[in-house]
Each structure stands twice: as structure tokens, then as C-alpha cells.
2 protein chains.
Amino acid sequence: MPPDDAEILAANQSFYDAFTRADLETIEELWASLTPVACIHPGWDALHGRDDVLESFRAILGGGSGPRVTCVDPAATRFGDAAFVVCHEAIDDTRLVATNVFVREDGRWKLVHHQAGPMSSRRPATRARKVVSRGMMN
Amino acid sequence: MPPDDAEILAANQSFYDAFTRADLETIEELWASLTPVACIHPGWDALHGRDDVLESFRAILGGGSGPRVTCVDPAATRFGDAAFVVCHEAIDDTRLVATNVFVREDGRWKLVHHQAGPMSSRRPATRARKVVSRGMMN
């Protein structure tokens, strides 16, 4: 795995770890501060701007503990100082599919956008095969 | 509007126009060919790679006409040679919320990732205000 991909996936994992810990300080650090950010929580309309995005995490995690979200099968694609990660989010028996977009700011990969949404059990046949082969290869 | 933002939004609009026309040739041109791509259709698992992504559009649009998808309220964020657009997709009475990620290849903005998912009518109050103010400003 290229070193950049490892750094991107580490930043991605930090996001889910911080979410599960309800660690708002780390979540604030993980989101970009030099680039405008946006976020689409499952079923929500888009939030634009660092203030609204961070406010949403404070609202979701304000009780002191977040739902346990496990990031499954993340795949990173880097292009220059940008990258996106596609992964599943496992919450109890529910699987969501998510996109996390990153930008490199001052040498560190920062979240600039997040979208998560539901995934039905119906999968294109080609993708079902791909999931199996990816699982075997990783 | 900065010239780059106009170019990004034009590429974004071309995607929806081509989808509605079932114009597979233009859709193929719009997707990046030098950067690995991915796509998450509403409710589907993620598709990875140009072959699977383009095959999915051929399957969806193969009948010769696609559903009429209108892109509403697109907002572009550029960072270097990358950008993302957040917008709504109006299909009859249904509203989806979507992310389109772009990369600049050979001077042209190309799609590198797409995710669309459902949006409930429940909106965070702060966002409802933001939508109104954005509508007045644009």
C-alpha cells in the first residue's frame, strides 16, 4: 500500500474512532480548516461550512456517547493533494455506504466532505463478486 | 463566481443533461480516465473502477431513455486540481442529495466519484434557514 494511502486510511479510521468515542475535539481537528467543508448525514440535507458541520456533530454526540460505528472495507483513491475513501459503516445490523473526501492541509489529510446513506441488500451481481475478491485479496 | 467554479458546475450540469438524454458517450467522456473512479447509486453498494461504473450507466440507461433528473442548487468547492459539488437531484416528486467529486485531467474537470442518496423531509433548522438565505443570495 502506498504511504499516502496508509495516511489517508488512518485519517479515515480516526474519524470513526473519534465518532464512537464522542471525541468532539478530535473530530474538530480532523475537519479541514482552510478549505470549505460540507457534510451529508444519512437522510439529512447537506450542511455547508465548518460551523454548521461541527454543530451537527455536537448535536449528534452531545449526550456524551455516539453510536458505535465500525468502518468496514475502506478503499482510498488519491489524486494530488486530494483523496476520497469509500467504505461501509456498520451500526448494529445496519450497513451504510459512505464517501469521505480528504484534502492535504499543511501536510496532514483532513476531511473536507462526508456523505453516508442507506444501502439495500440488493447488490449488482458484478459488485457482489468484486466484494468477495477484494476480501480475499486484502 | 470564480471561472473554475463555473467550469466545475458546467461539468456537473453536463452529467445530469447526459443522464436525462441517456447519452452514454458523453457520460463516458465525463468520467475520469487517468484516475480510478467509484460510484454509489441510490441504495446500491459502491462500484469501483471505470469498467463497472460505466457498465452501471449502460444498464440503467440501456433502454434508450433515463429518468428525468434535474440538478437543483449545486454548490462547488474547489481545492487545487480537485473539487466536489453538492446538489439535490429532483426526480418527479423525489429529492435526492448528491455528491459529485471532480479531478482536473488535461485541463478538463472530470467525474471521479458520485454518491446519491435519499433525503427525508426532516431538515436541521439551521440548514432550513441556510437554504432560504442561499436561495435569496444566488
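**View 1. Chain A reads α-α-β-β-α-β-β-β-β-α along its sequence.** That makes four helices and six strands, where helices (H or I, at least four residues) and strands (E, at least two) are DSSP runs, numbered from the N terminus. This is a predicted model, in which local features need pLDDT of at least 70 and side-chain atom pairs count only at pLDDT 80 or more, while totals for chains, interfaces and linings use all residues. Residues are numbered from 1 along each chain as its sequence is written, and chains are lettered from A and ligands numbered from 1 in the order in which they are written. Of the 138 residues of chain A, 38% count as buried (20 or more other C-beta atoms within 10 Å of the residue's own; exposed means 12 or fewer, partly exposed in between, with C-beta atoms placed from the backbone).

**View 2. Helix α1 of chain B has a buried side, with exposed residues on the other.** Its 19 residues (3-21) should span 27 Å at 1.5 Å a residue, and the end C-alpha atoms are 27 Å apart, which agrees; the expected span is 1.5 Å times one less than the number of residues. Buried here are Ile8(B), Ala11(B), Asn12(B), Phe15(B), Tyr16(B), Ala18(B) and Phe19(B). They cover an arc of only 165 degrees around the axis, which puts them on the same side of α1(B); the arc is taken from the directions from the helix axis to the C-beta atoms. On the other side, look for the exposed Pro3(B), Ala6(B) and Ala10(B).

**View 3. The buried residues of α1(B) have several packing partners in chain B.** They pack against α2 (24-30), β3 (70-79), β4 (82-91), β5 (94-105) and β6 (108-118).

**View 4. Val112(B) belongs to the largest nonpolar core.** This core (buried Ala, Val, Leu, Ile, Met, Phe, Trp, Tyr and Cys residues joined through C-beta atoms within 7 Å) has 74 residues. Val112(B) is among those with the most contacts inside it, alongside Ala83(A), Phe102(A), Val112(A), Ala83(B) and Phe102(B). Leaving aside neighbours within four places in sequence, Val112(B) is in contact (C-beta atoms, placed from the backbone, within 7 Å) with residues including Phe79(A), Ala32(B) and Phe102(B).

**View 5. Chains A and B meet through 37 residues from each.** On the side of chain A that touches chain B, β6(A) gives the most, with five residues.

Terms used: Two residues are in contact if their C-beta atoms, placed from the backbone, lie within 7 Å.
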